[in-house]
Amino acid sequence: MLLAGQMYVIVWKFEVPLESDEEFRSAYGRDGEWAKLFARHDGFVGTELIAIDEPGQYLTIDRWESAEAFDAFMEQNRVEYEQLDERFEALTEAEDLVGSGERR
């Protein structure tokens with residue numbers, strides 16, 4: 001059971017060209033293909049797509065019950081994760097891991 005306040009989050013920042021914006025939002029949003037892949041694992045809590053100040057710049061926040069839940073997901077789904085990452089690579093000009101850690 002997830003205790004109040006307990007959660008592991010992973011934050012990514014993306015720069016998206018205007019011509020890819022709609023497809024990017026569809027793929028990376030709450031109901032997008034990334035969220036569908038993550039949702040196959042019990043430890044996934046949810047994902048959030050946030051448009052930030054500059055046009056074409058987004059943050060994604062992926063929430064997991066724990067770092068161990070995310071690690072287990074990756075162990076079981078690494079090939080599909082890498083295939084999806086490669087498939088959507090052309091939608092972005094830049095992708096940076098902002099950070100990950102336990103919510104306190």
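Reader: Is Arg25 buried, partly exposed or exposed?

Author: Start with the general idea. Buried means under 20% relative accessible area, exposed means over 50%, and partly exposed is in between (1.4 Å probe, protein chains only). Arg25 has 39% relative accessibility, so it counts as partly exposed. One caution on the source. This is a predicted model: local features need pLDDT of at least 70, side-chain atom pairs count only at pLDDT 80 or more, and totals for chains, interfaces and linings use all residues. Residues are numbered from 1 along each chain as its sequence is written, and side-chain values use heavy atoms, with hydrogens and water left out.

Reader: With which residue does Arg25 form a salt bridge?

Author: Side chains of opposite charge can pair when their charged atoms come close. The rule for a salt bridge is a side-chain nitrogen of Lys or Arg within 4 Å of a carboxyl oxygen of Asp or Glu. Arg25 pairs this way with Asp21; their closest N and O atoms are 2.8 Å apart. Asp21 is buried, at 13% relative accessible area.

Reader: Where do Arg25 and Asp21 lie?

Author: Helices (H or I, at least four residues) and strands (E, at least two) are DSSP runs, numbered from the N terminus. Both residues lie in helix H1, residues 21-28. They sit four residues apart, about one turn of the helix.

Reader: How many salt bridges are there by this rule?

Author: The count is four. One of them joins Glu33 and Arg87, with 2.7 Å between the closest N and O atoms. This pair links distant parts of the chain: Glu33 is in helix H2 and Arg87 in helix H3, 54 residues apart. Glu33 is partly exposed at 31%, while Arg87 is exposed at 52%.

Reader: What is the N to O distance between Glu80 and Arg40?

Author: Their side chains meet in a salt bridge at 2.8 Å. Glu80 is in helix H3, and Arg40 is in the loop between H2 and strand E2 (44-51), 40 residues away. Glu80 is partly exposed at 33%. Arg40 is exposed at 51%.

Reader: How many aromatic pairs are there?

Author: First, the rule. Rings of Phe, Tyr and Trp (its six-membered ring) pair if their centres lie within 6.5 Å; planes under 30 degrees apart are stacked, over 60 edge-to-face, the rest tilted. The count comes to 18 aromatic pairs. Among them are Trp34 and Tyr81, edge-to-face, 5.0 Å centre to centre with 65° between the planes. Trp34 is in helix H2 (residues 33-38) and Tyr81 in helix H3 (residues 67-88), 47 residues apart.

Reader: Are Trp34 and Tyr81 buried or exposed?

Author: Trp34 is buried at 7%. Tyr81 counts as buried at 16%.
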